[in-house]
Amino acid sequence: PYRDENGWCVPCQAGEVGELVGIIETKDVTRRFDGYTNRYDTEKKMIRNVFRKNDCYFRSGDLLWTDKEGYLYFHDRVGDTYRWKGENVSTTEVEATITTSLKEEVDECVAYGVSVPGCEGKAGMLLIKPAATISTGREGSFDLKHLFSVVKEKLPNYAQPQFIRLCGEEERIGVTGTFKYRKIQLVEEGFNPRNIAAAEVGEEAGRTIRLFFR
């Protein structure tokens, strides 16, 4: 979050986009947040020392903006956009394009931005779980050429993914307690095969890792 010189969060003015937060008060049942079963997920949803010392707010993940009359408008979800080549990329738009155009070949698709050393912004990356009827073995039958043609035809240049990651046949895409994709984990793993391998060891050893670069 953006903070002033004193370390306090800065409220948005009319027309500015910001994240919707709600104060957490443990003694008030209407404002209490008991958290999730996973402590890490719980901490990610909380932000402290927002407007005064030791206060605590719940992060909704929703980006909103207000007009001059105080009406609220939905803008986007935190983590559902990234910036590449000076343009904002909507991950939901990329995901919808892929799943709609390749509905026979793709079961699940997650789009996110990853940092590339020496480059401004974040490059697009796709995590794809092929349909159960399609093998992702060494020879593989997932049609990357078809994927490439769809990306080139349907998406603007700045929104075209630079990296593709394919799930193994038995691999599952991780979700949170509220059934949202764990994009933060995917962003942290990035496109480095060593990071991805390290993240997967201990969960299900021996899973196939396949990365494709443009």
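Residues are numbered from 1 along each chain as its sequence is written, and side-chain values use heavy atoms, with hydrogens and water left out. Because the model is predicted, local features need pLDDT of at least 70 and side-chain atom pairs count only at pLDDT 80 or more, while totals for chains, interfaces and linings use all residues.

Start with the overall build. The protein has five helices and ten strands. Both are DSSP runs numbered from the N terminus: helices are H or I with at least four residues, strands are E with at least two. Of the 214 residues, 36% count as buried. Buried means under 20% relative accessible area, exposed means over 50%, and partly exposed lies in between (1.4 Å probe, protein chains only). Contacts are pairs with heavy atoms within 4.5 Å. Among contacts between residues at least 6 apart in sequence, 58% join residues at least 24 apart.

Now the interior. A nonpolar core is a set of buried Ala, Val, Leu, Ile, Met, Phe, Trp, Tyr and Cys residues joined through side-chain atoms within 4.5 Å. The largest such core has 30 residues, and Val94, Ile98, Leu126, Ile128 and Leu147 touch the most other members. At least two residues each come from β5 (81-84), α2 (91-101), β7 (106-114), β8 (123-130), α3 (144-154) and β9 (163-166). Strand β7 supplies the largest share, six residues. Look at Leu126. Leaving out residues up to four places away in sequence, Leu126 touches Val94, Ile98, Cys109, Val110, Ala111, Pro161, Phe163, Ile164 and Arg165.

Next, strand β3. Tyr57 lies in this strand. Is Tyr57 buried or exposed? Tyr57 counts as buried, at 13% relative accessibility. With residues up to four places away in sequence set aside, the contacts of Tyr57 are Val21, Gly22, Ile23, Ile24, Lys45, Met46, Ile47, Val50 and Phe51. Tyr57 and Arg31 are 26 residues apart in sequence, and their C-alpha atoms are 9.6 Å apart in space.

Pockets are found on a 1 Å grid over the protein atoms alone: a cavity is a set of points where a 1.4 Å probe fits but cannot get out, whereas a pocket is an open set with protein on both sides within 12 Å along at least five of seven lines. Lining residues have an atom within 4 Å of a point. Grid points are joined across faces, edges and corners, and a volume is the space filled by probe spheres set on the points. The second largest pocket holds about 620 Å³ of space. Its lining has 23 residues, and Val10, Cys12, Gly18, Glu19 and Leu20 lie nearest its centre. The elements giving two or more residues to this lining are β1 (18-23) and β3 (56-66). Strand β3 gives the most, with five residues. By class, the lining has 17 nonpolar, three polar and three charged residues. Here Ala, Val, Leu, Ile, Met, Phe, Trp, Tyr, Cys and Pro count as nonpolar, Asp, Glu, Lys and Arg as charged, and the others, Gly among them, as polar.

Charged pairs come next. Side chains of opposite charge can pair when their charged atoms come close. A salt bridge is a side-chain nitrogen of Lys or Arg within 4 Å of a carboxyl oxygen of Asp or Glu. The count by this rule is seven. One of them joins Arg59 and Glu19, whose closest N and O atoms are 2.7 Å apart. This pair links distant parts of the chain: Arg59 is in strand β3, Glu19 is in strand β1, and they are 40 residues apart. Arg59 is partly exposed, with a relative accessible area of 24%. Glu19 is also partly exposed, at 24%. Arg32 pairs with Asp34, the closest N and O atoms being 3.3 Å apart. Arg32 counts as partly exposed at 44%, while Asp34 is exposed at 63%. In the pair of Arg48 and Glu43, the closest N and O atoms are 3.2 Å apart. Arg48 is partly exposed at 39%, and Glu43 is partly exposed at 36%.

Finally, the backbone. Most residues other than glycine have a negative phi. Asn54 is not a glycine, yet has a positive phi of about 70°. Asn54 lies in the loop between β2 (46-48) and β3, and is exposed at 65%. Lys85 has a positive phi near 60°. Where does Lys85 lie? Lys85 is in the loop between β5 and β6 (87-90), and is exposed at 53%.
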